[in-house]
Amino acid sequence: MVVLNKEQKERYRRQIAVVGEHGQEKIGKTRLLIAGAGGLGSTAALFAAMAGFGTIRIIDPDRIEETNLNRQLLYREADIGRPKADTAAKALHAMNSSVDVEPVTAAIGTAPAWDLIRGIDVVIDGLDNYPARFLLADAAWKCGIPFIHGAVEGFYGQVCTIVPKTSPCLRCIVPNPPPVRQTPVIGVTTGVIGCVQVTEAIKLATGNGVLIMDNLWLWDGIRQKSDQLTIERIPTCHICGKNEYQIPPRERVR
Amino acid sequence: MKVHVKAFATFREVMDSQLDMDFPTGATIRILLDELTRQHNGLQELMFAAPETLRDFVNILKNGRNIHFLAGLDTPLDDGDVIALFPPVAGG
C-alpha cells in the first residue's frame, strides 16, 4: 500500500483536488508499460511521470534522430545519437524522481512479449506498426492486462482501451491494418493522442470515469471533429472469441 | 431505403465526413461503393487496389460490424444502416 508522504501531498495537491488522496495513491501503485518512446510514447511517458504513476517501463530499440525532434518531446538536440529508452528514462527521472523508471532498449518481437509485460498493470501503445501492436496486445489480453491503443497519421489520431474479457481485442478493432511505413505526422497530433491515452490510464488506475471501450475514438485535428465509432467483438476472433492463444506465423515483426 | 455513411481520416480528403444515401431494396456494400466512387473523384484510387479488390487497410463497418466478417462487398444494406468507412492510422 502506497501512502502519500508530505512532499507528495504538496506535489500533487492540485490533482488530489481532482482524483482524491486515495485516487492519487492508486496512481502511485500503478505500473505502466509504455511501448515505444517516439511521439506517442514520449508524450504519454511525460504526462504519466507528472501524474505520479509508480512505475514506468519504457521500451524502444532505436536511437534519437534529428527527424524525431518535431514531436518526441523528451529529447533535445544534444540527445541525437543516444538510445531513446535510456534518454527518456533520464528525462522522466528529472521530471519526477519518485517514479521508478525502467528503460528497456529492445524491439517488440525480439524480446518475448511475456517478459516485457511481466509485473505490469497497464500497457500504453506508442508503437508505429501493427505487427508489433498485435504481438503485445495479444500477450496483454492473455495476461488480463488492459492495453490502451493509440495511433496517429498527419492530423488524425485514434484511441481505444482494450480490457481483456470485456471489450473487443485489437484484432477486432483493426482487422485490416495499414502496411508498415514511415507515417507523416505533426507533433500536436502525438501530443493530443498521447494525452488521451494517459487520461485512459488514470481512469483505469483510479477506477473512475468512462473508458473508450467497445468503441474507437477518432480525432481529426484539421477539421476539429471527433467521433466515437462503435466496434463489436468478432465472434470468430482467434484472440477474444475463444480462450486460446496463438499468434499466426505470418505476423513477424520487422 | 436510407443509409447513413460516415467517412474518417484520409477518406475525408476526397469526400464529406457524413452523407445520407438512398438505395433500392436489395442493394449491397458493393453498390454503395460504386455510387460513392462515382460521386467522388479520387475515392476509387484511395479505396481499391484493383477493380473489386479493396485495399487491405480499408475497414468498412456496418453498424459496428466489419464487413470482412459479414459477406464482404456482398453484405446487404438495410434501412437505417450506419456504414463507416475507416482507414486506421498506424504511426506512433
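Which residue is the bridge partner of A:Val152 in S6(A)? Point 3 has the reply, and a few notes come with it.

1. A word on the model before the details. This is a predicted model, in which local features need pLDDT of at least 70, side-chain atom pairs count only at pLDDT 80 or more, and totals for chains, interfaces and linings use all residues. Residues are numbered from 1 along each chain as its sequence is written, while chains are lettered from A and ligands numbered from 1 in the order in which they are written.

2. Now the strands beside it. S5(A) and strand S6 (residues 156-162) of chain A run antiparallel, joined by seven bridges; two strands pair if DSSP finds at least two bridges between them. The partner of A:Val152 in S6(A) is A:Gly157. Their hairpin has two residues between the strands, and A:Gly154 takes a positive phi near 55° there. Strand S4 (residues 122-125) of chain A runs parallel to S5(A), with two bridges, and A:Ile124 has A:Ile148 as its bridge partner.

3. The helix is worth a look too. S4(A), helix H6 (residues 130-143) of chain A and S5(A) make a right-handed β-α-β unit: with the strands pointing away from the viewer, the path from the first strand over the helix to the second runs clockwise. Of the 14 residues of H6(A), 11 are buried, among them A:Phe134, A:Leu135 and A:Trp141. Their cover includes S4, S5 and S6 of chain A. Just after H6(A), A:Gly144 takes a positive phi of about 75°.

4. Finally, the two chains together. In chain B, 22 residues are in contact with 34 residues of chain A, contact being C-beta atoms, placed from the backbone, within 7 Å. Strands S5 (59-62), S6 (65-66) and S7 (82-86) of chain B each supply at least two residues of the side that touches chain A.

How values were computed
Contact = placed C-beta atoms within 7 Å. Helix = DSSP H or I, 4+ residues; strand = E, 2+ residues; numbered from the N terminus. Buried ≥ 20, exposed ≤ 12 C-beta atoms within 10 Å, placed from the backbone.
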